[in-house]
Amino acid sequence: MALRILLADPNEEWIDSAKKYLEEQLYQVDVVGNGKDAQLALYNAKFFAVVLNMEIKDHSGPQVLRFLKTNHPSQNVVAIYKPMTEEEKSLSDEIIDEETLKKSGATEVLELPFEMSALHDCLEGHQSLGDMMQALDKSEGQREEEEVKSEDEEYTSVKIDEFYTSKAVLFDVYIKLGTGRYLKILHAGDQFSKERIDKYKNEKKVEHLFFHVRDRRKYIQYTNFLADKLINTKGIGTDKKLSMLKNASEKFLEESFQEGMKPQIMEQGKQVAENVYNLIEKDENLFKALRDWQDFDPNAYTHAYLTTVFAAAIIKRFEWQSKTTIEAAAMACLFHDVGMTKLPKELLEKKEADFTDEDWVEFKKHPELGAKMFEGNRNVGQSVQQIILQHHEYYDGSGFPYGKRGSKILTLSNIVCCADDFAECIVETGEKPVDALKIFLKRSEQMKRYNSRIVECLIKSFVDPEKIIKENALPSNSRVLANKKAS
Ligand SMILES: [Fe+2]
Ligand SMILES: [Fe+2]
């Protein structure tokens, strides 16, 4: 059953084209041209979302919005408005801008003119898993496989063993036959068929499944939902949970890097961060899993996830840790190197060993560039920006961009810095984390970058918590850690 949308707009031409567009996206669309009819429609039917042009008359836009806030407070409302000129503002007794509309109950606000795809984004972003299920055109069994030709950039992949799906498949799933050639092996709405997947895995040695990038958000949402459920389930291995979160976080980063940091996407990021936090907080066997876990086929996003996991594991050992602290750190970890995307391509393709002096100057700009990208982003707190800005400041003052030292550096930034370097060490050495730790600790020059308490917490995350004797006195930073054994 399709999700139902109410379009309330005085412009007939626009409303016709919007209706057509949304129906193509499989929504069921009702249209009204005035405010009275909009309220009447809301009396008679339930809608997934109301798209309301504030210029509507005969019960004005603000009136309808007030009606919705009072009578349907949980209704998704996309408010469309034309920005007022200064003169209009001075003449009007009701100011209409993004802030007032959100205060009056709009879930999303679109400023005219906008692309139809922006409206689609707003609507998709508010679909809960239940909504997605409801919108599926479900079929009893599985439909025939079907070959399609399209651009490779339109698809994204996951490892066949790490593909999680609901019973009714949420979106089309493909295998790749060759450049620009795909075979749809499951249709959205089909009953999931493990046999079909296994056939490709075992008989045809298929390693990856593909889906359309426009469905990536659904995949992230589903994986997040599943991870949240499974984190508290005993009998499922910690390594499996870590892999699932890795999947969600990688697809989330891919989505936000390619589609931009849109509010709906950031919400998913918070969910990823919360799941990482919950797993690390609750899992009693985490230390065992961290020792052996080896799932690092290095891709652009693995590094960010590893950094997140180890930073969260370090923070867990601090007394002052709180949910908000870890979440801010987890978000900052996921995005700590986002500023790199603003650096010249040639630089990113080079190895650090080949950097010229000018390259280093450029490279050292990435913390500031990254922090800037979050400026004014209301979905991400200021602490996230600060952590990103300082993630290369070193405890001994030799870091960048400001060369801050010791307590002048945010502890969370120093934690991210340590986790970042450790994650790098794991990927670079290709060792299991516990073996990489031994190598990492021997890098005595590097050890000067972090408060020794942080290194100690990193070590402790590999140790059975029952074997850790609670120490009251904190070690001083002068303590030599380079020879410390990992276990
Ligand atoms: Fe960095
Ligand atoms: Fe990094």
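Begin by selecting helix α9 and helix α11, which are roughly parallel to each other, a label that applies to angles under 35 degrees, while angles over 145 count as roughly antiparallel, 65 to 115 as roughly perpendicular and the rest as oblique. The model is a predicted one, in which local features need pLDDT of at least 70 and side-chain atom pairs count only at pLDDT 80 or more, whereas totals for chains, interfaces and linings use all residues. Residues are numbered from 1 along each chain as its sequence is written, and chains are lettered from A and ligands numbered from 1 in the order in which they are written.

**The pair α9 and α11**

In the viewer, α9 covers residues 216-231 and α11 covers residues 263-282, and their axes come within 10 Å and cross at roughly 20°. The axes are lines fitted to C-alpha atoms, for helices over the stretch in contact, with angles running from 0 to 180 degrees between N-to-C directions; helices (H or I, at least four residues) and strands (E, at least two) are DSSP runs numbered from the N terminus. The crossing of α9 past α11 is left-handed, a term used if the near helix is turned anticlockwise from the far one by less than a right angle, with right-handed used if it is turned clockwise. To display the contact, select Ile220, Gln221, Asn224, Ala227, Asp228 and Ile231 on α9, and Gln268, Gln271, Val272, Asn275, Asn278, Leu279 and Lys282 on α11; residues are in contact if their C-beta atoms, placed from the backbone, lie within 7 Å. Sorted by class, the contact of α9 with α11 holds five nonpolar, six polar and two charged residues, where Ala, Val, Leu, Ile, Met, Phe, Trp, Tyr, Cys and Pro count as nonpolar, Asp, Glu, Lys and Arg as charged, and the others, Gly among them, as polar.

**The pair α19 and α22**

Next, select helix α19 (residues 411-429) and helix α22 (residues 452-460), whose axes come within 10 Å and cross at roughly 50°, and which are therefore oblique to each other. Here α19 passes α22 in a right-handed crossing.

**The nonpolar core**

Now colour the largest nonpolar core, which has 122 residues, and pick out Leu52, Ala312, Ile314 and Ala329, the ones with the most contacts inside it. Such a core is a set of buried Ala, Val, Leu, Ile, Met, Phe, Trp, Tyr and Cys residues joined through C-beta atoms within 7 Å, and a residue is buried if 20 or more other C-beta atoms lie within 10 Å of its own, exposed if 12 or fewer, and partly exposed in between. Helix α13 (residues 302-316) gives the most to this core, with ten residues.

Move to helix α6 (residues 116-125), where Leu119, Asp121, Cys122 and Leu123 are buried. The buried residues of α6 pack against β3 (49-53), β4 (76-81), β5 (108-111) and α11. In the loop between β5 and α6, select Pro113; the peptide bond from Leu112 to Pro113 is cis, with omega near -10°.

Select the loop between α17 (366-373) and α18, where Gly381 is placed; Gly381 counts as partly exposed, with 16 C-beta neighbours inside 10 Å. In the loop between α18 (382-389) and α19 lies Gly397, which is partly exposed, with 15 other C-beta atoms within 10 Å. Neighbours within four places in sequence aside, Gly397 is in contact with Gly403 and Arg405. Pro401 also has its place in the loop between α18 and α19, and a cis peptide bond, with omega about 5°, joins Phe400 and Pro401.

Finish with Asp58, in the loop between β3 and α3 (61-71), which has a positive phi of about 55° although it is not a glycine. Asp58 is exposed, with 12 other C-beta atoms within 10 Å. His59, in the loop between β3 and α3, has a positive phi of about 80° although it is not a glycine, and His59 is partly exposed, with 18 other C-beta atoms within 10 Å.

How values were computed. Two residues are in contact if their C-beta atoms, placed from the backbone, lie within 7 Å.
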